[in-house]
Each structure stands twice: as structure tokens, then as C-alpha cells.
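Open your viewer and get ready to select residues by number. We will go from one stop to the next, and at each one you will hear what to pick and what is there.

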Amino acid sequence: MRCPYCGEDSDKVTDTRPSRGGELVRRRRECLHCGRRYTTYEKVEEPELKVVKRDGRRERFDRVKIMTGLEKACEKRPISHDQLETVVARVETELRNRLGDEVESSEIGELLMQELADLDDVAYVRFASVYQQFAHTDQFTDALRRLREERRRRRTRKKPEEGQTLF
Ligand SMILES: [Zn+2]
């Protein structure tokens, strides 16, 4: 590691310890040229996840962007910020556990729709209308049909949740 004082690239590590709960490793180094000491921090490089958009362009997976979309869909709905954070984290983990470092934006959309189907009917339909860019009313009807199907599929997997639905 190049010395910040004299610029020489020869040093020895004098101390190594975890920092920020293990997220970082902090190392004290001593320059073998000028003898001064400095500190470096080492961090795991998070594998980059790329999103392939509809038009074929690729961009970095962006949690903030996903969160913004969800918040818009859930505006004035009884869904907390924490719930949405959990959704984003779960979807991201699911995507990162898949093979490869690229995902289609449509896959993200589908996962988010599944999550919203569990959370809130109104948010689901709002999100679907933006995500699928409804141009016709029959697409809206289609989204409702898919929500019901999604529910039915879930009911076979787990017990239905208490509470009323809109449809
Ligand atoms: Zn030096």
C-alpha cells in the first residue's frame, strides 16, 4: 500500500482488527521507507448485480430506485417503511442467490408484484399499472385476475391471512 507521506510502496502491517462489527478490517501499517504509520480499511467487494432493461440496456441494481417505486405504489396505504425495506432486502437476496450476475428487469417486477400481492391490494394494482404500463382497461382487469390467482396459489401453500380484501 503506497505510503501517504512519502509515496513509497513498501510497508509492514503492525496491527489488524475488525471494525464496524466485522464489516471492515482495519490495518495499521508502517512505511518501511520513512517509518511513518497510517491506517487502511479493507472491505468485501459486493458482487455487482446488473439489471437488463426492456430495451436491452444494462444498469446497476439500484435499491433506492426500487424503494422509490414501491413507496409510490404504497402511498397513503397502511404499509410501513420497514415493511418495504424488508421486501427490497428479500427480493435482492433472492436475485443474488440466482445463478449469474444479471437479472431481467421483468424478473424484479414479478418478484415485487408477488410481495405486494401479500401486502396490499391497492398497492399491488398501482404497482402493476406503472410497471406494466397499462394502456388498456383490459390490462387492469388482467392485473386483478392475476392478483386473485396469486392469492389462490398462496392459499394452497400457507394459511390465509385474516382481514378483508377489496375484490
Ligand atoms: Zn513513507
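**Stop 1: Phe127 and its neighbours**

Select Phe127: leaving out residues up to four places away in sequence, Phe127 touches Ala73, Leu112, Met113 and Leu116. Here, two residues are in contact if their C-beta atoms, placed from the backbone, lie within 7 Å.

Before going on, a word about the model. It is predicted, so to speak of a local feature takes pLDDT of at least 70, side-chain atom pairs count only at pLDDT 80 or more, and totals for chains, interfaces and linings use all residues. Residues are numbered from 1 along each chain as its sequence is written.

**Stop 2**

A residue is buried if 20 or more other C-beta atoms lie within 10 Å of its own, with C-beta atoms placed from the backbone. How much of the protein is buried? Buried residues make up 16% of its 167 residues.

**Stop 3: two helices side by side**

Show α3 and α4. Their axes (lines fitted to C-alpha atoms over the stretch in contact) come within 8 Å and cross at roughly 160°. That makes α3 roughly antiparallel to α4, a word used for angles over 145 degrees. Residues making the contact include Gly109, Leu112 and Met113 of α3, and Ala123, Tyr124 and Phe127 of α4.

**Stop 4: the sheet**

Next, colour the strands. The protein has five helices and six strands, where helices (H or I, at least four residues) and strands (E, at least two) are DSSP runs numbered from the N terminus. Three strands form an open sheet in the order β5-β4-β6, with mixed pairing; strands pair if DSSP finds at least two bridges between them. Which strands stand at the edges? They are β5 (58–60) and β6 (102–104), each with a single partner strand, so one side of each is left without a neighbour in the sheet.

Zoom in on β4 (residues 50–52): three bridges join β4 to β5, and the two run antiparallel. Val52 stands opposite Arg58 in β5. Finally, bring α3 back into view: α3 lies across β4 and β6, at about 65° to β6.

Terms used: A residue is buried if 20 or more other C-beta atoms lie within 10 Å of its own, exposed if 12 or fewer, and partly exposed in between; C-beta atoms are placed from the backbone. Axes are lines fitted to C-alpha atoms, for helices over the stretch in contact, and angles run from 0 to 180 degrees between N-to-C directions. Angles under 35 degrees count as roughly parallel, over 145 as roughly antiparallel, 65 to 115 as roughly perpendicular and the rest as oblique.
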